Amino acid sequence: MRQVYFFGTCLVDMFYPDAGIAGVKLLEHAGCEVNYPQAQSCCGQPPFNSGFRDQAATVAINQLALFKDGHDLVVPSGSCAGMIKHHWPELLAGTKHEAAAKELAARTYELSEYLIDVLDVALNDRGPALDICLHTSCSARREMGVAEQGKALLARLSKVTVKVAQYETECCGFGGTFSVKQPEISAAMADDKAKHVAATGAQQFVCGDSGCLMNISGTMGKQGMNLNPAHLYDFVWERIQ
């Protein structure tokens, strides 16, 4: 049996724990034994994005030893996967931890990428016919390059149709600390995104990154939109029950 590590992420842990459980169950469904080191914490992205590189490096160093056994590391978030894969090696360059960071980066995957490209997961869709709209985060799309894998995962649900929103590739305005530092701009971007999603006529909104899901679904709630927002992995797991 293939063994993998699962990195839960802060937002999944605190706001969308069911999505984390669903991610683990999907990996198990695809034949994996999932290891979840209990001492794992944040990936260090908030301090990194705010310019506190030393603090972000400390977070990375404290976790490298948790994932040392050589199993692939699977992350249900494009932004956190991108932090580990692309920025941990950069942060730790020139230190004694550089080699370990690079080795871990080489076996780090976003969850939809792993389910499609590595495991070639089979899904038996047991839900009713449904039109949905998927939002892919900027980190998943641009940094990890896995936008198509999220769509491919949904394409394996035979009764789900994915509607494409206008300006599909534009940011929703979350951007990690951007939404805190520039709340007015972030709110305007989220407002546009929510309206474009609703205009597709989709019955449900789905998103694979927790930050974007919070931002867009919160805006939808304020606008009175009833699109039953769901995390991608919650949605997929429920469809195959």
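Helices (H or I, at least four residues) and strands (E, at least two) are DSSP runs, numbered from the N terminus. The model is predicted: local features need pLDDT of at least 70, side-chain atom pairs count only at pLDDT 80 or more, and totals for chains, interfaces and linings use all residues. Residues are numbered from 1 along each chain as its sequence is written, and side-chain values use heavy atoms, with hydrogens and water left out.

**Exercise 1.** Determine where Ser137 lies and whether Ser137 is buried or exposed.

*Solution.* Step 1: Ser137 belongs to the loop between strand E5 (130–135) and helix H8 (138–143). Step 2: Ser137 counts as buried because its relative accessibility is 4%, where buried means under 20% relative accessible area, exposed over 50% and partly exposed in between (1.4 Å probe, protein chains only).

**Exercise 2.** Identify the residues in contact with Ser137, leaving aside neighbours within four places in sequence.

*Solution.* Step 1: with contact defined as heavy atoms within 4.5 Å, the residues are Asp209 and Cys212. Step 2: the side chains of Ser137 and Asp209 make a polar contact (3.1 Å); such a contact is a pair of N or O atoms within 3.5 Å, and within protein one must be able to donate a hydrogen and the other to accept it, while residues adjacent in sequence count only if both atoms are side-chain atoms.
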